[in-house]
Amino acid sequence: MDLDPEKSLKSQTESSADDGPPLKDDPKYIKYFKMMKMGLPKEAAKHAMTRDGLDPDILDMDPEKSLKSQTESSEKEDTGPPLKDDPKYVKYFKMMKMGLPKEAAKHAMVRDGLDPSILDMDPEKSISSQESEDTGPPLKEDPKYTKYFKMLKMVSFSF
């Protein structure tokens, strides 16, 4: 597993133990994933789910992850104005709307002490709905893992 040493471990691990079983092992959906494993086309398994009163779009999700972990992020509340209308950022989106290149607007954000990666987000959604919660120390500074990053550093200097 490749993790970003600049982010916390918690923010990079997908699901917690209480998320439930992976979809392919979920008692509610196991038979449909088994149908596909046995060679039945996905559309036929989806039809069976519809017939049984279940959401057939479940089969388009990652079978290795729980249903909760895949639906939780989409349920995140979208509070606040869309980025393009947020008083803090409206000026920069207006710059781009007027034809200024994104890089120039990003430079203006840096000059004004703001995070330029905001311009890479969806302007139709609020910032709160798009920010990830990164709690804890960056992995490279986590006491549990610092020795491994030191090892990596030592190995890279020897070559």
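Residues 24 or more positions apart account for 54% of the contacts in the chain with a separation of 6 or more, where contact means heavy atoms within 4.5 Å. The structure is a predicted model, in which local features need pLDDT of at least 70 and side-chain atom pairs count only at pLDDT 80 or more, whereas totals for chains, interfaces and linings use all residues. Residues are numbered from 1 along each chain as its sequence is written, and side-chain values use heavy atoms, with hydrogens and water left out.

**Overall architecture**

The chain has eight helices and zero strands, in the order α-α-α-α-α-α-α-α along the sequence. Helices (H or I, at least four residues) and strands (E, at least two) are DSSP runs, numbered from the N terminus. Of the 159 residues, 22% count as buried; buried means under 20% relative accessible area, exposed over 50%, and partly exposed in between, with a 1.4 Å probe and protein chains only.

**Two helix pairs**

Two packed helices are described by the angle between their axes and the distance between the axes. The axes are lines fitted to C-alpha atoms, for helices over the stretch in contact, and the angles run from 0 to 180 degrees between N-to-C directions. The table gives these values for two pairs.

| Helix pair | Residues | Angle | Axis distance |
|---|---|---|---|
| α2 and α3 | 30–37 and 42–51 | roughly 160° | within 9 Å |
| α5 and α6 | 90–97 and 102–111 | about 155° | 9 Å |

With an angle of about 155° between the axes, α5 is roughly antiparallel to α6. For α2 and α3, the axes cross at roughly 160°, which makes α2 roughly antiparallel to α3. Angles under 35 degrees count as roughly parallel, over 145 as roughly antiparallel, 65 to 115 as roughly perpendicular and the rest as oblique.

The crossing of α2 and α3 is right-handed. A crossing is right-handed if the near helix is turned clockwise from the far one by less than a right angle, and left-handed if anticlockwise. On the α2 side, Tyr 32, Met 35 and Met 36 meet Lys 42, Ala 45, Ala 48 and Met 49 of α3. By class, this contact of α2 with α3 comprises six nonpolar residues, no polar residues and one charged residue. Ala, Val, Leu, Ile, Met, Phe, Trp, Tyr, Cys and Pro count as nonpolar, Asp, Glu, Lys and Arg as charged, and the others, Gly among them, as polar.

Helices α5 and α6 also cross in a right-handed sense. Their contact involves Lys 91, Tyr 92, Met 95 and Met 96 of α5, together with Lys 102, Ala 105, Ala 108, Met 109 and Arg 111 of α6. The contact of α5 with α6 has six nonpolar, no polar and three charged residues.

**Nonpolar cores**

A nonpolar core is a set of buried Ala, Val, Leu, Ile, Met, Phe, Trp, Tyr and Cys residues joined through side-chain atoms within 4.5 Å. The largest has twelve residues: Leu 83, Tyr 89, Tyr 92, Phe 93, Met 95, Ala 105, Ala 108, Met 109, Leu 114, Ile 118, Leu 119 and Ile 127. Helices α5 and α6 each supply at least two residues of this core. Leaving aside neighbours within four places in sequence, Tyr 92 is in contact with Ala 105, Ala 108, Met 109, Asp 112, Leu 114 and Leu 119. A second, separate core has ten residues, including Phe 33, Ala 45, Leu 54 and Leu 59.

**Individual residues**

Lys 46 belongs to helix α3 and is buried, with a relative accessible area of 13%. Not counting residues up to four places away in sequence, Lys 46 touches Pro 56, Asp 57, Leu 59 and Asp 60. The C-alpha atoms of Lys 46 and Leu 59 are 7.1 Å apart, for a sequence separation of 13 residues.

In helix α6 lies Lys 106, which counts as buried at 15% relative accessibility. Beyond residues up to four places away in sequence, Lys 106 touches Pro 116, Leu 119 and Asp 120.

Leu 139 is located in the loop between α7 (127–130) and α8 (146–158). Leu 139 is buried, with a relative accessible area of 4%, and its C-alpha atom is separated by 8.9 Å from that of Phe 149, ten residues apart along the chain.

Glu 131 lies in the loop between α7 and α8 and is partly exposed, with a relative accessible area of 41%. Between the C-alpha atoms of Glu 131 and Ile 118, 13 residues apart along the chain, the separation is 9.6 Å.
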